[in-house]
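Q: Could you take a close look at one part of this protein for me, and then show me how the rest of the chain is put together around it?

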Amino acid sequence: MAYMRHLQNEPAGENDPSVPSNLSTLIGDHAASESGCALVEHGHRVLLGLSGKEPKDPSGPTGLLAAILTNEIPAEENLGVYGLLLDAKGHIQTDLRILKRPGDGLLAETEPEGARAAAEILGRYAPFSRVKLEDLSASGESPWSTLGLYGPGAGEALRQSLGETPKLAEHQTAEITPPGSDSPLLVAGVARPVAGYDLIGPAPVLREARELLRNAGAVAASPQAYEAARVEEGVPRFGVDLTPDNFPGEAGILDRAVSFAKGCYPGQETVARMHYRGHPNRALYRLSVEVAQLGEGGVPEAGTRITQGDKEVGLLTSLSPLGDGAALGYLHRKADTASPLDAAGAPVRALEAV
């Protein structure tokens, strides 16, 4: 329940006076019980709609993604997937969460750092599949956004505020319409870094849902709390831990982002060769920066080189905004992970590969 510790204690934002400065005021000692859940705004994420022919049609949105995505789109009508778009040499250009919209094509969600690459790559292939590509995040007066509802009590809060919702596996979706609204929201199951749901749809409808959820007991948490949970759980984020300098095999995401049974996609040969014939030169690790031993220099920043003796053996990519020393970073395969490491004078311990 590490994530609930973060969602309890992290300030929820100075710009919202209605949010308590300490979430434990509302969740208290019952954070790990079935009554604990928190709301997190993900307004920075970019949402791209893919529509055209029926989603199952080979020449429609699913056919387009089958040709370029590293993962296979599930056959189930409401089950999506997480995958990557690569260049011809196998470098990660962006990651995507693909969600199915009932009767209305697919939804691709990405981080802002990967939005340009996603739009360029999808736009390059869309005309051949007769697919319409639309940036829903920039759709006029009602841009689409994502609102997270996480914690053990997320399902109950959703039921009380928005009506019955089936239990959803990760990337599985359902539509619900908030009471008093004419517009439905897409609800997606989430497993990591915090279990719960993501609600996706036009901003005005999300605002209505947010108020209903708060009335049902959900409390607001800051993006910093979510970021702390992400780092501690070892979930890499594109633009920070995943960049165009990285291969999928380095980042510990092959099991959830790559299918080795599907047909061709750009960069497939490199991904398969690295997986079957050898080991990547570096790997992403969960790290601990020994905060208690730091001097006046404080916690090192993301981008700081990791050394061992007089050799450079890695790079810090993410640090928890809570300042508790939780971090992610790449280590060279020749680094001795059982021996002391250093980042700009800060002692570092390797915990485990993600």
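**A loop with a cis proline**

A: Let's start with Pro 193, which sits in the loop that links strand 9 (185-190) to strand 10 (196-202). Keep in mind that this is a predicted model. The thing to look at here is the peptide bond running from Arg 192 to Pro 193: it is cis, with omega near 0°.

Two other loops have a backbone feature worth a look. Arg 130 is in the loop between helix 4 and strand 6 (132-135), and its phi is near 50°, a positive value in a residue that isn't glycine. His 171 belongs to the loop between helix 5 (154-162) and strand 8 (173-176). Phi of His 171 is positive too, near 70°, and again the residue is not glycine. Now for their surroundings. Arg 130 has a relative accessible area of 55%, so it counts as exposed. For His 171 the relative accessible area is 12%, so that residue is buried.

Take helix 5 with helix 6 (residues 203-215): their axes come within 8 Å and cross at roughly 115°. Helix 5 is therefore roughly perpendicular to helix 6. The crossing of helix 5 past helix 6 is right-handed. On the helix 5 side you'll find Ala 157, Leu 158, Ser 161 and Leu 162, and they meet Ala 209, Leu 212 and Leu 213 of helix 6. Sort the residues of that contact by type and you get six nonpolar, one polar and no charged.

Next up is helix 3 (residues 61-68), which packs on helix 4 (residues 115-125) at an angle of about 115°, the axes being 10 Å apart. That angle is why helix 3 ends up roughly perpendicular to helix 4. Here, too, helix 3 passes helix 4 in a right-handed crossing. Helix 3 brings Leu 64, Leu 65 and Ile 68 to the contact, while helix 4 brings Ile 121, Leu 122 and Tyr 125. The residues where helix 3 and helix 4 touch are six nonpolar, with no polar and no charged ones.

Leu 254 has 17% relative accessibility, so it counts as buried. Leaving out residues up to four places away in sequence, Leu 254 touches Pro 248, Gly 249, Phe 260, Val 271 and His 275.

Finally, step back to the whole chain. It holds nine helices and 17 strands, and 53% of its 354 residues are buried. Of the contacts with a separation of 6 or more, 67% are between residues 24 or more positions apart. The chain exposes about 16,300 Å², and carbon and sulfur atoms supply 48% of that area.

Definitions and conventions:
Residues numbered from 1 in each chain as written. Predicted model: local features only at pLDDT ≥ 70, side-chain atom pairs only at ≥ 80, totals over all residues. Heavy atoms only, no water. Axes fitted to C-alpha atoms, helices over the stretch in contact; angles between N-to-C directions. Helix = DSSP H or I, 4+ residues; strand = E, 2+ residues; numbered from the N terminus. Parallel < 35°, antiparallel > 145°, perpendicular 65-115°, else oblique. Left-handed = near helix turned anticlockwise from the far one by under 90°. Contact = heavy atoms within 4.5 Å. Nonpolar A, V, L, I, M, F, W, Y, C, P; charged D, E, K, R; others polar. Buried < 20%, exposed > 50% of the residue type's maximum accessible area, 1.4 Å probe, protein only. Areas by Shrake-Rupley, 256 points an atom, 1.4 Å probe, with all protein chains shown as cover.
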